[in-house]
Amino acid sequence: MGKAWTFGENMNTDEIIPGRFNITIDPLELAKNVFCEVKPEYAKNVQPGDVIVGGQNFGCGSSREHAPIAIKGSQAKCIIAPSYARIFFRNAINIGLPILECPEAVADIDEGSEVDVNLTTGQITNVTKGSIYQARALPDFVLKIADAGGIVNFLKEHDIEELMQNAE
Amino acid sequence: MGTLIEEIFSRKAGRHVQAGEILLLDVDYIMSHDNTTPLAIKAFREIGKPILDKNRIVLHLDHAYPAPNVLAAENHKKIIEFVREQELPHFHRQGVCHQVMIEEGYITPGAIVIGADSHSNTYGALGAFGAGLGSTEIGVAWATGKCWFKVPETICIELTGETQRGVYAKDVMIYIAGLLGMDGGTYRSVEFGGEYIESLPMHERIVFPNMSTEIGAKCGLIAADEVTINFLETATPAKGPFEALYPVNPRYERVFEIDVSTLAPQVACHPDVDHVKPLEQVEGLEVNEVYIGTCTNARYEDIEIVANMLKGKKVNPLTRVIVTPASERIYKKAMKNGLIEILMDAGCTVTGTGCGACIGRHGGILAAGERALTTMNRNFIGRMGSPLSEIYLASPATAAATALTGHITDPRQYLMQNAE
């Protein structure tokens, strides 16, 4: 169980981690400045297992992987949003940062709510309000990457062609 | 049969594909730059497999080059060591990656080019599929030569009419960004067509796919035609024959028809690219910096527009006016034709080539409370420096007029003077 940190619509990668901090690829260093301009208290107070609750088009803007890495480095458990910008979606999956699509849960969860997320089933529980939501299922090949903990880990064990085998 | 993206992907897949399908495709070129290559090297090393084909890898130093600080220098050093170690043949440091990719002939119609930079969409101007990805996928593609794609649905933007004097591709594209919004094209291929697009030279066409990124598009495409082929043959070392693909009985998700002949100059206002207004609504707003640069609008013709407007005049003495040519080829041509001297005489600061001030790490950083008008493609809060600064996006002509007065100014009055 963790605390919800809510963010608005079209949260862009410059707001997640401004360009001036992208001179390192160290997740913990990046995490020190994550959301520094939109929610400076986040980096100071986030606890392992907390959950990011974003608005639609979360992660729009640049291709910088520093953005999902900074969030992962902050030890947030996952992101819940109604929709993601396409590069951010790929990047998060590829680096093993769990992301869930669930507009209903986003509408229901307030800043500071206690939230429990089952990453295996995609069930999201708003413990504060006692409501339960089901995130949209991800395509099979995306789940293969997510289950391996990212594309790099997947490729250590498999050929890339295996991604598409039996994929929907 | 299909939309332009379906045609491009079908050609590559060797079979007919449709929107919604997921494909694993061979990529023709894999692009990355100093900001994104270090992470790609990390992913590549962790995968532990060798490079599949070094001829497909193109590396650039452009985002912060020459290095403005020690950490950037360490990044460059790491990249150069990798280039040496892997004996990579395509290593560039002569300008913004996307401009160099086009100038050096890497981009041809129907090609599949991925880049660790969101503006890799730019390549669609030549009828190629270009899309931005993260660094990890670049490392994956180095090792496998492949990348997965979902064939996107297509939004068609049909542009008719002729723009008025003083209105450019940039104004039209800013207007489109305002119309569709910053997530209006998410996961979509955006096809730009119609008689207006067909009438445009390459430097103007490039603006549309380049800024398709700002509406969330997976790619922005313009079907290759005679203009494209002529450009490739005369302005790049690309080797033909070129196969010009075009949509065949396409099924579009949405179609927008826009008559450009009624448009006035447009400005994308702080703090969002879709916060668009006709210039007259923000005319007179004080500006501290005018920045003419980037992969959107720093080609020779853009610099020529600015130089023609500034010739024999002086920019506002309290406004910083910075010009960063997109590539060394552009810089040299501008120098040879006297444009650089005109700009310097007018009081502009002309910098070395590259991404310059666009990424807020060097070459024109904004202080708190400052406002810039630039030819860039995005105006996120804090992008050019202080989070308390503001960025307004416009055409090179609007930038030049604004440089003269120090406040947002309609370029048409100056263009009329020159015409007389």
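**Where chains A and B meet**

Student: Which residue forms a salt bridge with B:Glu137?
Tutor: In this predicted model, A:Arg90 forms that salt bridge with B:Glu137, and the closest N and O atoms of the pair are 2.7 Å apart.

Student: How many salt bridges are there between chain B and chain A?
Tutor: The count between the two chains is 4 salt bridges, and 13 residue pairs are found in polar contact across the interface of chain B and chain A, both residues being at pLDDT 80 or more.

Student: Which helix gives the largest share of the side of chain B that touches chain A?
Tutor: That is H2(B), with 6 residues, and the residues on that side of chain B divide into 21 nonpolar, 12 polar and 11 charged.

Student: OK, and how much area do chain B and chain A bury between them?
Tutor: They bury about 3,800 Å², with 61% of it on carbon and sulfur atoms; within chain B, the residues that lose the most area to chain A are B:Leu39, B:Trp148 and B:Tyr187, which together account for 17% of what that side buries.

Student: Switching topic, what domains is chain A divided into?
Tutor: Chain A has domain 1 (2–134) and domain 2 (138–168), and the C-alpha centres of these two domains of chain A lie 22 Å apart.

Student: And how much area is buried between those domains?
Tutor: About 470 Å² is buried between domain 1 and domain 2 of chain A, carbon and sulfur atoms giving 72% of it, while A:Phe89, A:Ile93 and A:Asn94 lose the most area on the domain 1 side, together 78% of what that side buries.

Note on methods. Residues are numbered from 1 along each chain as its sequence is written. Chains are lettered from A and ligands numbered from 1 in the order in which they are written. This is a predicted model: local features need pLDDT of at least 70, side-chain atom pairs count only at pLDDT 80 or more; totals for chains, interfaces and linings use all residues. Side-chain values use heavy atoms; hydrogens and water are left out. Buried area is the accessible area (1.4 Å probe) that two parts lose on being put together, summed over both. A salt bridge is a side-chain nitrogen of Lys or Arg within 4 Å of a carboxyl oxygen of Asp or Glu. A polar contact is a pair of N or O atoms within 3.5 Å; within protein, one must be able to donate a hydrogen and the other to accept it, and residues adjacent in sequence count only if both atoms are side-chain atoms. Helices (H or I, at least four residues) and strands (E, at least two) are DSSP runs, numbered from the N terminus. Ala, Val, Leu, Ile, Met, Phe, Trp, Tyr, Cys and Pro count as nonpolar, Asp, Glu, Lys and Arg as charged, and the others, Gly among them, as polar. Domain bounds come from an automatic or database domain assignment.
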